[in-house]
Amino acid sequence: MESDGAKSESKEYVDVIHEKDLKDILIKLEIFESIQKNEVFCYICKNVINLENICAIFVKNGEIHIICGENHCYSEFLKLKEDEDD
Ligand SMILES: [Zn+2]
């Protein structure tokens, strides 16, 4: 539990990812296999996430969430980010 250090929360967000680093990040977060099994869904629209449509990753309350490449989802993601940065 990381109860103290509220400021670190916004740092949990992972920036928009580059394809090159994608696999490494996904493996590090232990979700690469889940994605290959179509077990990961977009946080916003609940579409199945795959290596083609994955756009951004963020961690909230210790849980990993993925954003797909839909414009709508990405703008929602940016809104979430702004809220957290407040
Ligand atoms: Zn989506």
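The model is predicted. The chain holds 3 helices and 2 strands. Along the sequence they run in the order α-α-β-β-α. Of the 86 residues in the chain, 15% are buried.

**The hairpin**

- Strand β1 covers residues 54-60, and strand β2 covers residues 63-68.
- The two strands pair in the antiparallel sense, over 6 bridges.
- Together β1 and β2 make a hairpin, with 2 residues between them.
- Asn61 sits in the turn and has a positive phi of about 50°.
- Ile57 stands opposite Ile66 in β2. Val59 stands opposite Ile64 in β2.

**The nonpolar core**

- The largest nonpolar core has 12 residues in all.
- Its members are Val40, Cys42, Tyr43, Ile49, Ile54, Ala56, Ile57, Ile66, Ile67, Cys68, Cys73 and Phe77.
- Strands β1 and β2 and helix α3 (71-85) each give this core at least two residues.
- Ile57 and Ile66, which face each other across the strands, are both in this core.
- Setting aside neighbours within four places in sequence, Phe77 is in contact with Ile44, Ala56 and Ile67.

**Contacts across the sequence**

- Take the contacts between residues at least 6 apart in sequence. Of these, 45% join residues at least 24 apart.
- Lys60 and Glu84 are a pair to locate in the model. They are 24 residues apart in sequence, and their C-alpha atoms are 9.7 Å apart in space.
- Lys60 belongs to strand β1. Lys60 counts as partly exposed because 13 other C-beta atoms lie within 10 Å.

**Two loop residues with positive phi**

- Glu30 is not a glycine, yet its phi is positive, at about 60°.
- Glu30 is found in the loop between α1 (19-28) and α2 (32-36).
- Is Glu30 buried or exposed? Glu30 counts as exposed, because it has 9 C-beta neighbours inside 10 Å, and the cut-off for exposed is 12 or fewer.
- Asn38 also is a residue other than glycine with a positive phi, near 60°.
- Asn38 lies in the loop between α2 and β1.
- Asn38 has 10 C-beta neighbours inside 10 Å, so Asn38 counts as exposed.

**Confidence**

- The average pLDDT of the chain is 82, and 76% of the residues score at least 70.
- Which helix has the highest confidence, and which the lowest? Confidence is highest in α2, at 95, and lowest in α1, at a mean of 83.
- Residues 5-9 have a pLDDT below 50. Beyond near neighbours in sequence, this stretch has 2 contacts in the model.
- Where pLDDT is low, the predicted coordinates should not be read in detail.

Terms used:
Residues are numbered from 1 along each chain as its sequence is written. This is a predicted model: local features need pLDDT of at least 70, side-chain atom pairs count only at pLDDT 80 or more; totals for chains, interfaces and linings use all residues. Two strands pair if DSSP finds at least two bridges between them. Helices (H or I, at least four residues) and strands (E, at least two) are DSSP runs, numbered from the N terminus. A residue is buried if 20 or more other C-beta atoms lie within 10 Å of its own, exposed if 12 or fewer, and partly exposed in between; C-beta atoms are placed from the backbone. Two residues are in contact if their C-beta atoms, placed from the backbone, lie within 7 Å. A nonpolar core is a set of buried Ala, Val, Leu, Ile, Met, Phe, Trp, Tyr and Cys residues joined through C-beta atoms within 7 Å. pLDDT is the predictor's confidence in each residue, from 0 to 100.
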